[in-house]
Amino acid sequence: MTTYTLASPLTQKQKIVWSLLNKGLSAVTIANKLNTTRQFVNQTKLSAEAKLSTTLLDVAQANDLQITKLYPKNGILLAYHPALKRKAILTYNTNHGIKVWYWHDNPEEVTDTTFLNQTRQYLIDIAKERDIDLEDTDKIHPSKLAHQIFSKLIPELKT
């Protein structure tokens, strides 16, 4: 029996297809690579995006977030937390599941090395899964790394 959680809502096949699509591979290329049909790839993509949408919305609701915009194809949800008065981004990664990111006025004040390294690795995994090139990731504070990555995935952040 396979179980799904809020952190990891996709089946193994859905994770593979979703990840390959986010790397820019076409449905035909993925079908050939997985020895299946283009129809299976497209159906799996639609099913994965529906599950991700539902799960991101559920996590947003559980965290009392007001939803701004949902990007099912990218596994991203923009939101706002009214009590904290903070913008938030919910992201999905096939290796780590769902994470909630909150804006911080002075992110350079966060100095916990373990936390920063975990955050950096999660961000690098997001970039790899979405075929985003990054340089000098070990020298950049994770908040700047997050801005680089999210501004490529979320049109509203490009400014």
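Predicted model: local features only at pLDDT ≥ 70, side-chain atom pairs only at ≥ 80, totals over all residues.
The accessible surface of this chain comes to about 9,400 Å², and 50% of that area belongs to carbon and sulfur atoms. Of the 159 residues in the chain, 42% count as buried.

Let me turn to the overall dimensions. Along its principal axes, the C-alpha trace spans about 50 × 35 × 35 Å. Among contacts with a separation of 6 or more, 45% are made by residues 24 or more positions apart.

Next, the secondary structure. The chain holds five helices and four strands. Read from the N terminus, the elements follow the order α-α-α-β-β-β-β-α-α. The radius of gyration is 16 Å, close to the 15 Å that the globule rule gives for 159 residues, so the chain is as compact as a globular protein of that length.

The four strands form an open sheet in the order 1-2-3-4, with antiparallel pairing. Strand 1, residues 66-71, and strand 4, residues 97-102, stand at the edges; each has a single partner strand, so one side of each is left without a neighbour in the sheet. From one strand to the next, the twist averages 20°.

Let us follow strand 3, which covers residues 86-93. On one side, strand 3 pairs with strand 2, residues 76-81, in the antiparallel sense over six bridges. Within that pairing, H81 stands opposite R86 of strand 3. The hairpin of strand 2 and strand 3 has four residues between the strands, and K85 there takes a positive phi near 55°.

The hairpin that joins strand 3 to strand 4 passes through three residues.

Why can strand 3 be described as largely enclosed by the rest of the structure? Six of its eight residues are buried, and therefore the description applies. The cut-off behind that word is a relative accessible area under 20%.

Key:
Residues numbered from 1 in each chain as written. Heavy atoms only, no water. Pairing = 2+ DSSP bridges. Helix = DSSP H or I, 4+ residues; strand = E, 2+ residues; numbered from the N terminus. Axes fitted to C-alpha atoms, helices over the stretch in contact; angles between N-to-C directions. Buried < 20%, exposed > 50% of the residue type's maximum accessible area, 1.4 Å probe, protein only. Rg over C-alpha atoms; globule rule 2.2 N^0.38 Å. Contact = heavy atoms within 4.5 Å. Areas by Shrake-Rupley, 256 points an atom, 1.4 Å probe, with all protein chains shown as cover.
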